[in-house]
Amino acid sequence: MTPLVSSRPVAPVPTVPAFARLTMALGGALLAGVLTSYGQAVPGLSTVSNSAGPWFVVAVALLLLMGVRIGRVGLPVAMVSGVVLLELMHIGYWATSNLRGYPDFLSITNFWVLMAVPAGALAGAVAVLVRSADGRWRGAAFGAVAAVLIGEGMRALLRVAATTGVVAWVVEIAVGVAVLIAGVVVARSPAGRVVALGVGVVGTVGVLGAYLLLGG
């Protein structure tokens, strides 16, 4: 009779090499840019594909895939990597759009190319701090992500909702609020919860103000 539980030791699942994680993240960034170009032609996805919040979230996710770590060297490396990933998304979008017959220009003076520098650095910091053992840093990381989503959604409702509709932006704001609530939960301390809420609220005002000042 065959035993229900094998007595043989189970081999541990091998870890994914760092180089493989790096190449997957870089390839994922290019793919995100490619999909953005195609997504703009899909009625249900066009508004989302024209927003920056999803790119920021994708950058954070890819940095987590890379396995970025906190530390004197880890944090700067993560921040630089965030910038690289966002710029690769731009390259993927630019190349695909031109191949599809929609002329697009990639320049160092392009607004979104420039904004990828602070946004990428912030994404790197978020990807590192979200894994911190200190609940205050975790709360700050969640609050920053929430601020990007809520701030962009509010700006869109004020400036472009008449031409794009409101559904996508309301959903983005709702996701941002959910992320902020998650940040309050994972903070696990009164101080951490205050930090999460503070970063979320102040950050939202900052993101909204930056959009209105720089992007109209």
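Contact, as used here, means heavy atoms within 4.5 Å. Keep that in mind, since contacts come up a lot below. What you're looking at is a predicted model, where local features need pLDDT of at least 70 and side-chain atom pairs count only at pLDDT 80 or more, while totals for chains, interfaces and linings use all residues. Residues are numbered from 1 along each chain as its sequence is written, and side-chain values use heavy atoms, with hydrogens and water left out.

Let's start with the overall picture. The protein has nine helices and zero strands; helices (H or I, at least four residues) and strands (E, at least two) are DSSP runs, numbered from the N terminus. Its C-alpha atoms fill a box of roughly 70 × 50 × 40 Å along the principal axes. Of the 216 residues, 38% are buried, where buried means under 20% relative accessible area, exposed over 50%, and partly exposed in between (1.4 Å probe, protein chains only). Take the contacts between residues at least 6 apart in sequence, and 72% of them join residues at least 24 apart.

Now look at helix α1, where you'll find Met 24. Met 24 is partly exposed, because its relative accessibility is 41%. Setting aside neighbours within four places in sequence, Met 24 is in contact with Val 16 and Leu 65. Leu 45 is another story: it sits 21 residues from Met 24 in sequence and 24 Å away in space, C-alpha to C-alpha.

Next up is a pair of helices. Two packed helices are described by the angle between their axes and the distance between the axes. For α3 (residues 53-66) and α5 (residues 111-129), the axes come within 9 Å and cross at roughly 45°; axes are lines fitted to C-alpha atoms, for helices over the stretch in contact, and angles run from 0 to 180 degrees between N-to-C directions. The two helices are therefore oblique to each other (under 35 degrees is roughly parallel, over 145 roughly antiparallel, 65 to 115 roughly perpendicular, and the rest oblique). On the α3 side, Phe 56, Ala 59, Val 60, Leu 63 and Leu 64 meet Ala 119, Leu 122, Ala 123, Gly 124, Val 126 and Ala 127 of α5. These contact residues split into 10 nonpolar, one polar and no charged; Ala, Val, Leu, Ile, Met, Phe, Trp, Tyr, Cys and Pro count as nonpolar, Asp, Glu, Lys and Arg as charged, and the others, Gly among them, as polar.

Out of its 33 residues, Phe 56, Leu 63, Val 68, Leu 85, Met 89 and Val 126 touch the most other members. At least two core residues come from each of α1 (18-39), α3, α4 (74-99), α5, α6 (135-159) and α8 (167-187). Beyond four places in sequence, the contacts of Leu 63 include Val 68, Leu 85 and Ala 123.

Thr 96, in α4, is buried because its relative accessibility is 8%, and beyond four places in sequence Thr 96 contacts Val 34, Ser 37 and Tyr 38. Ser 49, in α2 (residues 46-49), counts as buried because its relative accessible area is 15%.

Arg 188 isn't a glycine, yet has a positive phi of about 60°.

How values were computed: A nonpolar core is a set of buried Ala, Val, Leu, Ile, Met, Phe, Trp, Tyr and Cys residues joined through side-chain atoms within 4.5 Å.
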